[in-house]
Amino acid sequence: MPGRLTTNGEQGSLDRFQQWGSGKTLRQLAAERFDSDLDLIGSPDDVADQMAQAAEEIGGDGFLISIPFQRTSRRFINEVCEGLVPALQRRRLVREAYTRSTLRDTLREF
């Protein structure tokens with residue numbers, strides 16, 4: 001049986017995460033936690049189409065883009081900012097400009 005996982009971050013969240021899959025390794029927990037039927041792979045337009053379809057079918061107010069087992073790279077950030085975001089903007093799924101001058105006012109728009 002694996003030992004208790006510890007972190008230099010917020011221990012309570014890690015404890016709850018580990019309890020969710022007691023007896024499993026951290027790799028198994030993460031794989032199950034981040035498993036999805038939505039495989040966003042392809043060109044920016046392909047991924048934007050998949051995201052649009054998911055938003056239409058599932059609803060919600062956005063996507064959390066994460067890379068659970070890889071380090072975020074400049075290439076990844078560039079692909080999202082220069083490829084995916086413009087493709088989503090063309091579909092009117094994300095804004096093209098901010099209409100408010102402060103973060104607080106921008107968040108209140110939702």
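Student: What pLDDT does the protein chain average?
Tutor: This is a predicted model, and the protein chain averages a pLDDT of 80, with 72% of the residues scoring at least 70.

Student: Where is confidence lowest, and where is it highest?
Tutor: Helix α2, residues 26-33, has the lowest confidence, with a mean of 67. The highest is in helix α4, residues 74-90, at 92.

Student: OK, what about the fold. How many helices and strands are there?
Tutor: The protein chain has five helices and zero strands. Reading from the N terminus, that gives α-α-α-α-α.

Student: How do α3 and α4 sit against each other, say in angle and distance between axes?
Tutor: Their axes come within 8 Å and cross at roughly 50°, so α3 and α4 are oblique to each other.

Student: And is that crossing left-handed or right-handed?
Tutor: The crossing of α3 and α4 is right-handed.

Student: Which residues meet there?
Tutor: From α3 you get Pro44, Asp45, Val47, Ala48 and Met51, and they meet Gly83, Leu84, Ala87, Leu88 and Arg90 of α4.

Student: How many in that contact are nonpolar, polar or charged?
Tutor: The residues of the α3 contact with α4 split into seven nonpolar, one polar and two charged.

Student: Switching topic: what share of the protein chain counts as buried?
Tutor: Of its 110 residues, 17% count as buried.

Student: And what share of the contacts comes from residues 24 or more positions apart?
Tutor: Taking contacts in the protein chain with a separation of 6 or more, 29% are between residues 24 or more positions apart.

Note on methods
Residues numbered from 1 in each chain as written. Predicted model: local features only at pLDDT ≥ 70, side-chain atom pairs only at ≥ 80, totals over all residues. Heavy atoms only, no water. pLDDT = per-residue confidence, 0-100. Helix = DSSP H or I, 4+ residues; strand = E, 2+ residues; numbered from the N terminus. Axes fitted to C-alpha atoms, helices over the stretch in contact; angles between N-to-C directions. Parallel < 35°, antiparallel > 145°, perpendicular 65-115°, else oblique. Left-handed = near helix turned anticlockwise from the far one by under 90°. Contact = heavy atoms within 4.5 Å. Nonpolar A, V, L, I, M, F, W, Y, C, P; charged D, E, K, R; others polar. Buried < 20%, exposed > 50% of the residue type's maximum accessible area, 1.4 Å probe, protein only.
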